[in-house]
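Here are some notes to read beside the model. Keep the 3D view open and find each element as it comes up.

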Amino acid sequence: MSHEHDRVLILDFGSQFTQLIARRIREESVYCEIHPPTRSLAWIRDWNPAAIILSGGPSSVYDEDVPRTDPALLETGIPILGICYGMQLIAHMEGGNVKHGHREYGRAELTVGEGSGLFAGFEAGSRTTVWCSHGDHVDDPPAGYERIGSTDSLPTAAFRSENGKIWGVQFHPEVAHTQRGDDIISNFLFEVAGCRPTWTPGAFVEDTIEKIRQQIGDGTAVCGLSGGVDSSVAALLVHRAIGDRLTCIFVDHGLLRKDERQQVETMFRSHYDMKLVVEDASELFLADLEGVVDPEAKRKAIGRRFIEVFDATASREGTGASFLVQGTLYPDVIESVSAGGPSVTIKSHHNVGGLPEDLPFDLVEPLRELFKDEVRAVGRELGLPHHFVGRHPFPGPGLAIRVLGEITRERLEILREADAIYLEEIRSAELYDSIWQAFAVLLPVQSVGVMGDARTYENVLALRAVTSRDGMTADWFPFPHDVLGRISTRIINEVRGVNRVTYDVSSKPPATIEWE
């Protein structure tokens, strides 16, 4: 039986933090979805949200063609929280005055006006640090609203309607810089909206298995098993739903890490009762990538060949499959396709933007609405061991997007050996579980060096390691200097063709985690 969960609707007005709102809500075991503000009032009523959040965004309520929502939304009686632009939009729709042109970015000290509702657990008159990022603001609440928080520069940093149904904050409670942002979001969910925290990994597993059975029916499916956490959890969910009508196909595209093919075969053939077919198509993929340097062209070439190989392998194996299982995650979707507001497509993903239009399968994407740590929680619920659930993410295009520039067998082998040393040293230093993702990147650059009193002119390798909660934002990992030194020394001494190692200290944003 499918669980009935309270659901929160997030209307996305284009904020770069919208996904963080969703993440914080889910951390409270409440289900939510992000949708565009163009959803009609009838659609919203039919969706039946327990609460609604209006996100921030880059627009001013006074701009032309700005994203808006139906003003009648404020009359539905559904609890609503407006954040930044969302608060300004509420004030504007209620006839209030939004001040234009007062830019404020960074930390501010919020004085709490009342210790209830949104600020339950806060002491009235107390101060707490919040994060602001806006160009407009509201000085005075509109008629029918009361001020419940202020800063030195914002007379009305938070307000609520007199009936306690509609709330607004000028700051961003979803970002880590807001000291008690999690408490504010939790208060909105439970104190204001009365949501129930029922969306757990166990409930997700039960609900998803039922949905998979409904989608596939009596059909059969194939799964692109990479050996990573995402595809493995997706495969386990589908296997529980349809059993041996699932065939897992592992495609060796010649872009794998060292010994990865052997590890996948050993794990899934020895520990899981699944059909596993291993297809070596490395010659085809490498031929497709010959001379290709543009990262988007690489992804699309790999996506096209991936489907062709899948189709041929499934036909040969006699599965007659009409469904393709993929481990697509929520960050993949929202970076590839605008989730609602005027957000920007950063890059296409192999699981999303790289697929051809004439796809011969119907997609089954059981993890499409999950963030990475949620997938890991589901993996633990399914019984996957810790060392496997905790594996760092690895992109579908593999080393193709970590060999910058032209891909050759020689350059792949250089990166493969260097990356193996890098990860071995991280594990040896007992730092692996403290890092979200770590990998090496072979640059299309050569530099002069001296080895054995002789001049060298060889490749430059970059090391990347980041910490993150959900992959949407990330900070570079502060390695102890001796560990970085040991990694660099080993790579230069043991990997022929590398004479210089660098470490990437860029955060996301402005950089992405992967280089391509």
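**Notes on the model**

1. Thr 247 touches Ala 221, Val 222, Cys 223, Lys 275, Val 277 and Thr 319, leaving out residues up to four places away in sequence. Bear in mind that this is a predicted model. Thr 247 sits in strand E13, residues 246-252. Is Thr 247 buried or exposed? Thr 247 is buried, because its relative accessible area is 4%, and buried means under 20%.

2. Now the sheet. Nine strands make an open sheet with mixed pairing. Their order is E2-E1-E3-E4-E11-E10-E9-E6-E7. Strands E2 (31-35) and E7 (127-134) are at the edges. Each has a single partner strand, so one side of each has no neighbour in the sheet. From one strand to the next, the twist averages 25 degrees.

3. Strand E1 (residues 7-11) pairs with E2 in the parallel sense, over five bridges. Leu 11 has His 35, in E2, as its bridge partner.

4. Helices pack here too. Helix H1 (residues 18-27) packs on the sheet and touches E1, E2, E3 and E4. The direction of H1 makes about 165 degrees with that of E2. Helix H4 (residues 181-192) lies across E1, E3, E4 and E11. H4 runs at about 150 degrees to E3.

5. Next, the cores. The largest nonpolar core has 50 residues. Tyr 422, Ile 426, Leu 461, Leu 463, Phe 479 and Ile 491 touch the most other members. Helix H13 (409-428) is one of the elements that supply at least two residues of this core. H13 gives the largest share, eight residues. Another core, of 42 residues, lies apart from this one and includes Phe 250 and Val 378.

Key: Residues are numbered from 1 along each chain as its sequence is written. This is a predicted model: local features need pLDDT of at least 70, side-chain atom pairs count only at pLDDT 80 or more; totals for chains, interfaces and linings use all residues. Side-chain values use heavy atoms; hydrogens and water are left out. Helices (H or I, at least four residues) and strands (E, at least two) are DSSP runs, numbered from the N terminus. Buried means under 20% relative accessible area, exposed over 50%, partly exposed in between (1.4 Å probe, protein chains only). Contact means heavy atoms within 4.5 Å. A nonpolar core is a set of buried Ala, Val, Leu, Ile, Met, Phe, Trp, Tyr and Cys residues joined through side-chain atoms within 4.5 Å. Two strands pair if DSSP finds at least two bridges between them. Axes are lines fitted to C-alpha atoms, for helices over the stretch in contact, and angles run from 0 to 180 degrees between N-to-C directions.
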